[in-house]
Amino acid sequence: MKRLLTIFAALLAVSSVVAVSYKNNTYQKLADEYTRKAERALDAGEYALAEEYAAKAEENAALSEAYIKGMLARGDCDKVMQEAARRLAYAQSIGAETSFPMAFTAAQEAYTSAQEAYDREDYATATAFANQVLAALAEIREVTPLPEFYVVRPWEDVGDCFWNIAGRPYVYNNPLLWENLYQDAENKRNLPRPSDPNLILPGMKMRIPSLTGEFREGTYNPSKDYEPYSATR
């Protein structure tokens with residue numbers, strides 16, 4: 001008798017929690033029906049039958065609770081997945097796959113994993129991967145591509161040499177990387193003396209090789225606002 005009363009109390013507590021939004025799920029309906037049967041059997045003094053019905057009611061109430069938790073998790077996951085998809089689409093629309101290749105690739109891979117987990121109904125894992133998408137794309141923004149070419153200007157105007165050009169923010173932001181410019185086959189062919197990196201002539205169109213997969217496009221234009229090169233972007 002004491003066990004039956006404990007079960008009834010637990011079932012009533014579950015029903016009160018879920019009644020607002022999920023009372024019509026199949027498991028909860030079965031739990032309610034078995035609860036009524038158990039109550040009728042108890043009133044009739046059929047204690048063994050009442051306990052059997054109460055056990056079935058408890059079992060279905062537990063299934064109902066698990067179902068509800070799953071639906072709540074799915075609802076929360078849907079929101080994060082939608083935001084991740086929206087952010088990924090925006091990143092693609094501004095060319096983030098070229099301006100922020102590492103972040104974009106990481107986001108794509110995380111989103112694929114999120115979709116796979118969602119299809120398995122593993123909403124906790126899907127949510128975690130979707131949040132990884134948002135984290136990877138948190139800093140992406142529309143930017144002017146770094147230049148792929150630079151036209152050498154007179155030394156007396158801007159002090160152009162491999163060292164100084166490499167140190168420009170829109171080139172490598174580090175003069176120590178000058179040999180990447182000099183060793184480029186196309187640049188070396190255009191030098192008056194290919195064996196002498198100290199002699200470059202105004203008007204030479206110098207190629208700026210990509211070092212870390214960064215996207216470069218067009219010729220340097222002093223009127224454009226370029227973000228500094230970063231090896232970690």
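Which residues in H3 meet which residues in H5? In the predicted model examined here, local features require a pLDDT of at least 70 and side-chain atom pairs count only at pLDDT 80 or more, whereas totals for chains, interfaces and linings use all residues. Residues are numbered from 1 along each chain as its sequence is written, and side-chain values use heavy atoms, with hydrogens and water left out.

The protein has an average pLDDT (the predictor's confidence in each residue, from 0 to 100) of 88, and 90% of the residues score at least 70. Over residues 10-20 the pLDDT is below 50, and this stretch has twelve contacts in the model beyond near neighbours in sequence, a contact being heavy atoms within 4.5 Å. Where pLDDT is low, the predicted coordinates should not be read in detail.

Helices are DSSP runs (H or I, at least four residues) numbered from the N terminus. With regard to the opening question, Arg74, Cys77, Asp78, Met81, Ala84, Ala85, Leu88, Ala91 and Gln92 in H3 meet Phe104, Ala107, Gln108, Tyr111, Ala114, Gln115 and Tyr118 in H5. By class, this contact of H3 with H5 has eleven nonpolar, three polar and two charged residues; Ala, Val, Leu, Ile, Met, Phe, Trp, Tyr, Cys and Pro count as nonpolar, Asp, Glu, Lys and Arg as charged, and the others, Gly among them, as polar. The axes of H3 and helix H5 (residues 101-119) cross at roughly 150 degrees and come within 11 Å, where axes are lines fitted to C-alpha atoms over the stretch in contact and angles run from 0 to 180 degrees between N-to-C directions. H3 and H5 are therefore roughly antiparallel (an angle over 145 degrees).

Helix H2 (residues 26-43) also packs with helix H3 (residues 47-93), at an angle of about 160 degrees and with the axes 7 Å apart. H2 and H3 are therefore roughly antiparallel to each other. Residues in the contact include Tyr27, Leu30 and Tyr34 of H2 and Tyr53, Ala57 and Tyr67 of H3. In total, the contact of H2 with H3 has 16 nonpolar, four polar and two charged residues.

Glu121 lies between H5 and helix H6 (123-136) and is exposed (over 50% relative accessible area, 1.4 Å probe, protein chains only), at 59%.

Key. Helix = DSSP H or I, 4+ residues; strand = E, 2+ residues; numbered from the N terminus. Parallel < 35°, antiparallel > 145°, perpendicular 65-115°, else oblique. Buried < 20%, exposed > 50% of the residue type's maximum accessible area, 1.4 Å probe, protein only.
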